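Colleague: I have a structure to look at with you. Can we go through its fold, piece by piece?

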Amino acid sequence: MNPVSGLIEQSLAIDGMTCAACARRLEAQLGKTPGVIRARVNPATARAHVTYDPATITLAGLARAVEAAGYRVREETATVDLPISGMTCAGCAATVTRALERSPGVQAAVVNLATATATVTYDPRVTDAGRLRGAVEAAGYGASATAGDRARAVVDPDLADLAAARRRTLVAWALTAPIVLWMIPEMFFHYVPFGHLTMNLGMVVLAAPVLFVTGRNTYSSALRALAHRSANMDVLITMGTGVAFLTGPASFIFPIANYSGIAAMIMAFHLTGRYFEARARGRASEAIRKLLELEADTASVIVNGDEVLVPIDRVRAGDLMVVRPGEKIPTDGVIVEGQSAVDESMATGESLPAGKGPGDEVIGATINRQGLLKIRATRVGGDTFLAQVIRLVEEAQGTRVPIQEFADRVTAVFVPTVLALATLTLAAWLAFPGVFGPVVAAAAPYLPWVNPALGPFTLAVGATVAVLVIACPCALGLATPTALMVGSGLGAENGVLIRHGAAIQVLQEARTIVFDKTGTLTTGRPAVTAIEAVAGFDRRELLRLAAGAEQGSEHPLGRAVVARARDEQGLELPSPDEFEAIPGRGIRARVEGRQVVLGTRALLREAGADPAALENLVRAREEEGDTATLVAVDGRAAGIIALADTLKEDSAAAVAELERLGYRTAMITGDNRRTAEAVARKVGIRRVLAEVLPADKAAEIRRLQEAGERVVMVGDGINDAPALTQADVGIALGTGTDIAIESSDVTLVRGDLKAVVVAINVSRHTFRKIRENLFWAFFYNLVAVPLAVLGLLHPVIAEIAMATSSISVVANANRLRGAPVRPRS
């Protein structure tokens, strides 16, 4: 749920969708449902991503809206076995049963008194095993779980669908193979085994179960679509195979060729195509499945001084966990005790283990490689890093890329257009056989399946059937979602989380990348590099007073001054009696009765101090790239404290790689121009936007956009949120386990800038696949449909080509999985 708006974002698995036209129709139906704010249907994942107002519509209402469009929301069920303690009689079992059945999301609960176990089937979108145990405990009984009792799917619906598709395909071919074998002697040797009558009858008998048993789902989908006054791919297949099959019985009465065997072959190839397409789509969605499999099952938790092994869903924030070498870290947390190297490759894509010690954050499902660690759990359940990644990847797969809009508009009118074209084809062949006949005759020597000796009506039916089965909106509909699915998974595997599909297109179109300085190009941990005092002031005393004043500050520069004085030089710091922070300018404080001011030249002037005496000191430090903070005491310029923020090791290399890829880089900072330019020179950035206050960064990005530039902004996602939102694409550096940065379009799990290059490469490779898929999908239809109209494509070849087009689009998207996205070393 969105805590601000009260809206709920829900992902629904849909049964009955077979093509892009189905997705389009369902999206339209959901979009006009009261209470639905936004609906996106992804044909590649067969899921609907719906944002709705729970005050207006419920989940059950959404399910009814889906059914009104002719589809069904798939029940996503899981089961868990809960050992129950405290039951002594049948009445206890009945009490526990009622408590579980009344829990939201529970579909069935069976309590066995003899084994003291409750087996619960529930909707994992609504509840989980932990809440179920809570319901049992609220009824006055105990509930626990063993390591193997984690919530498990009753049946993996995707695997079940794939198995059913395989069975249908095998049965279809078992009946179609004899038809093919029967047709070969006639086609090549002009010999008809058992005679024409027997062959015609055999074709009809063998074809009927292929169409009406194995092809039942296709026919049902077509009838549902027609009942809702729409058309999808299954309507075309149904009409094509139906017309072809009817020529079988008609051949006993009229002098036309028997195409019923052809109808069976078309259906068999159609089912084969659907099966292989489903397999390829399964490979495309492997990224999320892999992430789900990474989660730990159990955790060793310290309870009353003893180490207890508990299921992961029993771990709560604040629990102290023990993780031994070689074990998975159960959930996100902070190391309390121990040193180790942690393999974070599942999260960051970085193969080298990261050194970790007390105070460091660790990510759940990463692997402890060396020492024994004690970790305080900080995030559990749906709040963990892994859960956030899965959620972000699913969200990205439910979004659209702008280039997809044209394909969607074509898909919306595709099937009705093909139906009209098929009707015109039949009419034209019957009305003007003399026009089409010479074309067929001319092609016959080169195309063995073309037979000009067939009667005009038979040729007309063949051309019409070919038009119906070859036209394919599926390839168009799958072209973008499958590439986006694989691309978002590829990004997640390499520490790049894409929140919106549009970012993939804009990232490779933009040419300007603006980096925030502090915390992005630099580590964000400034340190004092020099203390300079003018005549009449002692440097140590200047630092003591300045640090005393800065004790009231939360600014990183202020904390660096305090750390230098107290931690490095061991000074006793006085507490400020008065304190005022002036954003973007500095601080004012009263320390030991003295007025202390730290900040800019303007702030010193307001305090009655002349900053001119400090100008030479300031210039010398700024030319080195340091930030000089001016200090005044009791209205007199007293000196400067110079601070520097260390550049990240890979900043210069990342900027150089982006420049090589053709991007213009810029840096935006609140630092003065001299300091900013010194830092920019070190990393290789030519364009500097200096002295920009935090509140003005978004306006600076807007000015670049008004000048005609498409801008990518890279920042920390917190202080830079307005600028990230204003940019065409906002890239935020994740902070530890917190990656749910709403202001960004792309989140980088790692804080290093090479991940920006990875994001760019992911977008480029993904968008290239999208373009390739759309080109081949359009090209296929533009070439194939006219050939079918002219009668130059056999209906079976047309169906093979149609199935191949969809499979090739998905297979091409899967080639992304091996794309080189890591920057050059």
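Predicted model: local features only at pLDDT ≥ 70, side-chain atom pairs only at ≥ 80, totals over all residues.

Modeller: Residues are numbered from 1 along each chain as its sequence is written, and side-chain values use heavy atoms, without hydrogens and water.

Colleague: What share of the residues of the protein count as buried?

Modeller: Buried means under 20% relative accessible area, with a 1.4 Å probe and protein chains only. The protein has 825 residues. The share that counts as buried is 53%.

Colleague: Which strands stand at the edges of the open sheet of seven strands?

Modeller: The order is E19-E31-E30-E29-E20-E27-E28, with mixed pairing. Strands pair if DSSP finds at least two bridges between them; strands are DSSP runs (E) of at least two residues, helices (H or I) of at least four, numbered from the N terminus. Each edge strand has a single partner, so one side is left without a neighbour in the sheet. The edges are E19 (496-498) and E28 (687-689).

Colleague: Which residue in E28 stands opposite Ile-668?

Modeller: Strand E27 covers residues 664-668. E27 and E28 pair in the parallel sense over three bridges. Opposite Ile-668 stands Leu-689.

Colleague: At what angle does H23 run to E27?

Modeller: Angles run from 0 to 180 degrees between N-to-C directions, and axes are lines fitted to C-alpha atoms, for helices over the stretch in contact. H23 lies across strand E20 (512-516) and E27. The angle to E27 is about 140°.

Colleague: Are H23 and H27 roughly parallel or roughly antiparallel?

Modeller: The axes of H23 (residues 651-660) and H27 (residues 754-789) come within 8 Å and cross at roughly 25°. Angles under 35 degrees count as roughly parallel, over 145 as roughly antiparallel. Therefore H23 and H27 are roughly parallel.

Colleague: Which residues of H27 make the contact with H23?

Modeller: Contact means heavy atoms within 4.5 Å. H23 brings Ala-654, Glu-657 and Leu-658. From H27 come Lys-754, Val-756, Val-757 and Ile-760.

Colleague: Which residues of helix H4 are buried?

Modeller: H4 spans residues 129-138. Its buried residues pack against elements including helix H3 (90-101) and strand E11 (306-311). The buried residues are Ala-129, Gly-130, Leu-132, Arg-133, Ala-135 and Val-136.

Conventions
Buried < 20%, exposed > 50% of the residue type's maximum accessible area, 1.4 Å probe, protein only. Parallel < 35°, antiparallel > 145°, perpendicular 65-115°, else oblique.
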